[in-house]
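Have the viewer open while you read.

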Amino acid sequence: QPLNGRTGTPCDLRQLKDLKLILPFLKQSFSGRVRGYIDNGQILSSKIIEIDGWVGGFELAKDSDWGLLTPFISVYSEVKRRDLFVYPLLQPEIEFEFFLVYDRRRPISLAAKRFIEILENCFRDVHASWRTFSKLV
């Protein structure tokens, strides 16, 4: 049952009522910001569950009436599935950023450099997928 129409339909969470939301643990990711929106009434959630790990949240969302709030990077390979509804969020704004943190007193190893290259390529793929997905809207 779709929450907001067909996949790709931009979603304003402030307009949806009685949401059952799956969030990461409070101290992880963007969960604190979402909780703030719920506390001040911008998001009207009837229930919240915290699940540590994307796979568990994803499985619950696809087999229930719960909605998973997750960064696009975690679902970009799933947007073409017919059994899921994926909505880009318009409002309220929920930022999600990645940072590379390392000890600058130590040179980055070859393995770490390779890992960074893999991440950069993955982010480029996700960005390209987002552009394609957003054109379908």
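1. Is Arg 114 buried, partly exposed or exposed? Arg 114 comes out partly exposed, at a relative accessible area of 45% (buried is under 20%, exposed over 50%, partly exposed in between, using a 1.4 Å probe and protein chains only). Glu 117 is partly exposed too, at 40%. Both sit in helix α3, three residues apart, or about one turn of the helix, and their side chains form a salt bridge with an N to O distance of 3.3 Å.

2. Some ground rules. The model is predicted, so local features need pLDDT of at least 70 and side-chain atom pairs count only at pLDDT 80 or more, while totals for chains, interfaces and linings use all residues. Numbering runs from 1 along each chain as its sequence is written, and side-chain values use heavy atoms, with hydrogens and water left out.

3. On salt bridges, the whole structure has eight (a side-chain nitrogen of Lys or Arg within 4 Å of a carboxyl oxygen of Asp or Glu). One of them pairs Asp 65 with Lys 20, the closest N and O atoms being 2.8 Å apart. This pair links distant parts of the chain, 45 residues apart: Asp 65 is in the loop between α2 and β4, Lys 20 in strand β2. Lys 20 is partly exposed, at 22%. Helices (H or I, at least four residues) and strands (E, at least two) are DSSP runs, numbered from the N terminus.

4. Another salt bridge joins Asp 103 and Arg 105, again with closest N and O atoms 2.8 Å apart. Arg 105 is exposed at 71%, whereas Asp 103 is partly exposed at 28%.

5. Have a look at Asp 12 in strand β1 (residues 11-12). Asp 12 is buried, because its relative accessible area is 16%.

6. Back on helix α3 (residues 110-136), check Leu 119. Leu 119 counts as partly exposed, at 31% relative accessibility. With Phe 115 and Phe 123, Leu 119 makes a nonpolar surface patch of about 250 Å² (patch residues have over 30% relative accessible area and no salt bridge; like charges are joined within 9 Å, and nonpolar side chains, meaning Val, Leu, Ile, Met, Phe, Trp and Tyr, within 5 Å; areas are Shrake-Rupley with a 1.4 Å probe, and for residues only the protein chains shown count as cover).
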